[in-house]
Amino acid sequence: MREPSELNLEYLFLAKFKFSPFVYAGVGNFFHPTVNLYKAQVGGGFEYLAGKNLGVRAVAQYDLGFTDDWDNYVNGKKKDMGVRFGVGLNYYFGSKKIKN
């Protein structure tokens with residue numbers, strides 16, 4: 001099985017501060033054994049700059065499906081959807097001035 005792909009547009013509210021909330025939206029897909037399944041997503045979270053080049057982030061994402069067969073089960077009129085939570089690290093190349 002191949003990895004899913006996403007394309008998002010992200011906005012950092014306080015880009016040069018140690019702690020910054022962010023929001024994003026975009027489109028993506030994930031792979032089913034027989035077909036690609038497409039979706040749109042919106043999300044947000046917080047990033048904390050632990051160092052000059054290292055960011056720690058927590059994120060929540062809501063996936064909106066375009067079909068009702070993500071789980072091979074079609075029921076009702078609503079499309080499939082999902083919620084994801086995650087934590088991660090970002091490494092920034094170059095120097096960046098941080099405001100407290």
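Guide: Strand E3 (36-49), strand E4 (54-65) and strand E5 (81-91) each supply at least two residues of the nonpolar patch; strands here are DSSP runs of at least two residues, numbered from the N terminus. This is a predicted model, in which local features need pLDDT of at least 70 and side-chain atom pairs count only at pLDDT 80 or more, while totals for chains, interfaces and linings use all residues. Residues are numbered from 1 along each chain as its sequence is written, and side-chain values use heavy atoms, with hydrogens and water left out.

The patch covers about 900 Å² and is made by Phe19, Phe46, Tyr48, Leu54, Val56, Leu89, Tyr91 and Phe93. Such a patch takes residues with over 30% relative accessible area and no salt bridge, and joins nonpolar side chains (Val, Leu, Ile, Met, Phe, Trp, Tyr) within 5 Å. A salt bridge is a side-chain nitrogen of Lys or Arg within 4 Å of a carboxyl oxygen of Asp or Glu. Areas come from the Shrake-Rupley method with a 1.4 Å probe, and for residues only the protein chains shown count as cover.

Phe46, one of the patch residues, lies in strand E3. Phe46 has a relative accessible area of 44% and is partly exposed; buried means under 20%, exposed over 50%, and partly exposed in between. Tyr91 counts as exposed at 53%, and Phe93 is exposed at 77%.

A search of the whole structure finds 4 aromatic pairs. Among them, Tyr11 and Phe13 are edge-to-face, 5.0 Å centre to centre with 90° between the planes. Tyr91 and Phe93 also form an edge-to-face pair, at 5.1 Å and 80°. Rings of Phe, Tyr and Trp (its six-membered ring) pair if their centres lie within 6.5 Å; planes under 30 degrees apart count as stacked, over 60 as edge-to-face and the rest as tilted.

Methods: Patch = residues over 30% accessible without salt bridge, like charges linked within 9 Å, V, L, I, M, F, W, Y side chains within 5 Å. Helix = DSSP H or I, 4+ residues; strand = E, 2+ residues; numbered from the N terminus. Buried < 20%, exposed > 50% of the residue type's maximum accessible area, 1.4 Å probe, protein only.
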